Amino acid sequence: MATSSTSVPAPGTVTLATERLLLRPVRAADVPAVTRLWTDPEVRRHLGGPVAEQVVRIRQRRVAGAPGVYAVVRTADEVLLGLVTVEPEAREGETEVSYQFLPEHWGHGYAREAVAAVVEATLLGTPSVVALTQEANHRSRRLLAAVGMTHVASFVEYDAHQVLYRRGR
């Protein structure tokens, strides 16, 4: 995975810290909040809708400690705000970053802060990072631009107009 002789830890297996946030592997105690991310209609509005119950049950058993999945926790009170996920070689060989945050934490810059930290850390071990969002998701598009990603493609996937953003080293 690393392009130099130094080894870079796998995404989601280390802890990252920002001014206000701790990004760490998901713990069993996080599963109720994470389940809300998968089932909340507002969170899932641009992600194909709430996840089916049987899929949620499978995910609940697998998410704690899953490689590449960061729980985003506010350090002031240890509240879980959302997830940032890193998937190596997800999209035509490029590493993909995705994110979901609970609606009550939108508009405070937490997602931008967390995604920026993950993108920076990920770029230590891969030449580029991509992210996908629906064209209609203007908040997500602004976030991706704010963390230095550039819109590089538009297409239809999952029955919706999508936009692909990329950032290199």
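**Arg 91.** I looked up Arg 91 and found it buried, at 17% relative accessibility; buried here means under 20% relative accessible area, exposed over 50%, and partly exposed in between, with a 1.4 Å probe and protein chains only. I kept in mind that this is a predicted model, where local features need pLDDT of at least 70, side-chain atom pairs count only at pLDDT 80 or more, and totals for chains, interfaces and linings use all residues. Residues are numbered from 1 along each chain as its sequence is written, and side-chain values use heavy atoms, with hydrogens and water left out.

**Partners of Arg 91.** I then checked its salt bridges (a side-chain nitrogen of Lys or Arg within 4 Å of a carboxyl oxygen of Asp or Glu). Arg 91 meets Glu 157 at 3.0 Å, N to O. This pair links distant parts of the chain, 66 residues apart: Arg 91 sits in strand β4 (residues 79-91) and Glu 157 in strand β7 (residues 150-157). Strands are DSSP runs of E, at least two residues long, numbered from the N terminus. I noted Glu 157 as partly exposed, at 23%. Arg 91 also pairs with Glu 96 at 3.6 Å, N to O, and Glu 96 is buried at 13% relative accessibility.

Next I turned to Arg 36, which forms a salt bridge with Asp 40, the closest N and O atoms being 3.8 Å apart. Arg 36 is partly exposed at 33%, whereas Asp 40 is buried at 17%. I also found Arg 36, Asp 40 and Glu 104 linked in a network of salt bridges.

**Tally.** How many salt bridges does the structure hold? I noted 11.

Note on methods: Helix = DSSP H or I, 4+ residues; strand = E, 2+ residues; numbered from the N terminus.
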